[in-house]
Amino acid sequence: MQWRGEGTARRVVAHQQVPPRPTTPPSNSALRECLAALAQAGDTATQRRALADIRQRASAARKGKEGKINVYQYLGPLDLGLILRRAVAVGDWGIAEHVLAHGGDKVSFPTAAMAEAALLACCREGKPEVAQSILLKLLTTNSAPPPSASSSSSHSSSPSIYTVILRALGKAGHWEACLELLRQPVLAPLLVEDEACFEAGITACGRQGCVEEAMGLYDDFRAQQQQRHSSFTSAAIHNAAIKACARGGSLARAQGIIREAQQDGVLPSVAAFNALLLTCGRLGAWDAGAKVLVDMKALGVDPNEVR
């Protein structure tokens, strides 16, 4: 038995089949023209217009009636790097974040110096999270080695690019991002040579009261250094760990690090002792505070007035 209209309904359904999604972007040539314009742009206004065109075409393709298309997948790592470099240079953080969100995992820059300049600009403009995202994509791009751990500056006292990023992330409260960078396997051989990176990570965790995470970094760096040297003599790492414990209210652990510092022949700074004393006062731990003053006197550290 056939219901009336059944055959007609089937024919209608057959005519309403969804067309297959296109395999090539309809605006690929136009996107290439935008990239060429961006590469040739010499002034800020022209660069901003080219970046706006790229984002407009990318956004339109993602919302197209013929099916969502991610046009960034048709660009190479160097193309994406060009967009990011120009976006950072003119402060167009919207397109930078759009590329980082939708442009895949790989980004490349022509030289390590260009990569470092872009990362420094992000931190200088208060966008350390953008710098971290760019760096992580650089680390996943085989053709793009990470920037050198030593600063490109001629002054040896200048911090490395990694230290700059970690400090900026810490000041912005992104302690988890600091941990993610410090635990990147590709960076491990570089960062173990740069104690300022671990100091920045410990400080970032300490600012947010994350004592366990801060002590994890302290223990990791201490173990790595002891494997390479006969003693651990980093005053900066000891001081950062003491301050982190003090901020987190972990007085016993802070005093334990002071004892370790003494065993290692390191004298904690007045600032580290002050942080511990302030915590003792905040917690009403007067006996612990008195013991800190005794330790300072025994070590020859003169207390000063904390304002």
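Where is Asp43 found? Asp43 sits in the loop between helix 2 (28-40) and helix 3 (44-62). The legends below start with the whole chain and then turn to single sites.

**Figure 1. Overview of the predicted chain.** This is a predicted model, in which local features need pLDDT of at least 70, side-chain atom pairs count only at pLDDT 80 or more, and totals for chains, interfaces and linings use all residues. Residues are numbered from 1 along each chain as its sequence is written, and side-chain values use heavy atoms, with hydrogens and water left out. The chain has 16 helices and zero strands (DSSP runs numbered from the N terminus, H or I of at least four residues for helices and E of at least two for strands). Of the 307 residues in the chain, 44% are buried (under 20% relative accessible area; exposed is over 50% and partly exposed in between, with a 1.4 Å probe and protein chains only). The chain exposes about 16400 Å², of which carbon and sulfur atoms supply 51% (Shrake-Rupley method with a 1.4 Å probe; for residues, only the protein chains shown count as cover). Among contacts (heavy atoms within 4.5 Å) between residues at least 6 apart in sequence, 66% join residues at least 24 apart.

Figure 2. The C-alpha atoms of Asp43 and Val90 are separated by 9.5 Å, and the two residues are 47 apart along the chain.

**Figure 3. Leu51 in helix 3.** Leu51 belongs to helix 3 and is buried, with a relative accessible area of 0%. Neighbours within four places in sequence aside, Leu51 is in contact with Leu38, Ile83, Arg86, Ala87, Val90, Asp92 and Ile95.

**Figure 4. Gly94 in helix 5.** Gly94 is part of helix 5 (residues 93-102). Its relative accessibility is 24%, so Gly94 counts as partly exposed. The C-alpha atoms of Gly94 and Arg55, 39 residues apart along the chain, are separated by 8.8 Å.

**Figure 5. The aromatic pair Phe198 and Phe221.** One aromatic pair is found in a search of the whole structure. The ring centres of Phe198 and Phe221 are 4.9 Å apart and the planes are at 40°, so the pair is tilted (rings of Phe, Tyr and Trp, the latter by its six-membered ring, pair with centres within 6.5 Å; planes under 30 degrees apart are stacked, over 60 edge-to-face, the rest tilted). Because Phe198 lies in helix 11 (residues 195-207) and Phe221 in helix 12 (residues 211-228), the pair ties together parts that are 23 residues apart in sequence. Both Phe198 and Phe221 are buried. Beyond its neighbours within four places in sequence, Phe198 is in contact with Leu182, Leu191, Leu217, Phe221, Gln224 and Ile237.

**Figure 6. Packing of helix 8 on helix 11.** Helix 8 (residues 161-171) and helix 11 pack at an angle of about 5°, with axes 9 Å apart (lines fitted to C-alpha atoms, for helices over the stretch in contact, with angles from 0 to 180 degrees between N-to-C directions). That makes the two helices roughly parallel (under 35 degrees; over 145 is roughly antiparallel, 65 to 115 roughly perpendicular and the rest oblique). Helix 8 contributes Tyr162, Thr163, Leu166, Arg167, Gly170 and Lys171 to the contact, and helix 11 contributes Ala196, Cys197, Ala200, Ala204 and Arg207. By class, the contact has six nonpolar, two polar and three charged residues (Ala, Val, Leu, Ile, Met, Phe, Trp, Tyr, Cys and Pro are nonpolar, Asp, Glu, Lys and Arg charged, and the others, Gly among them, polar).
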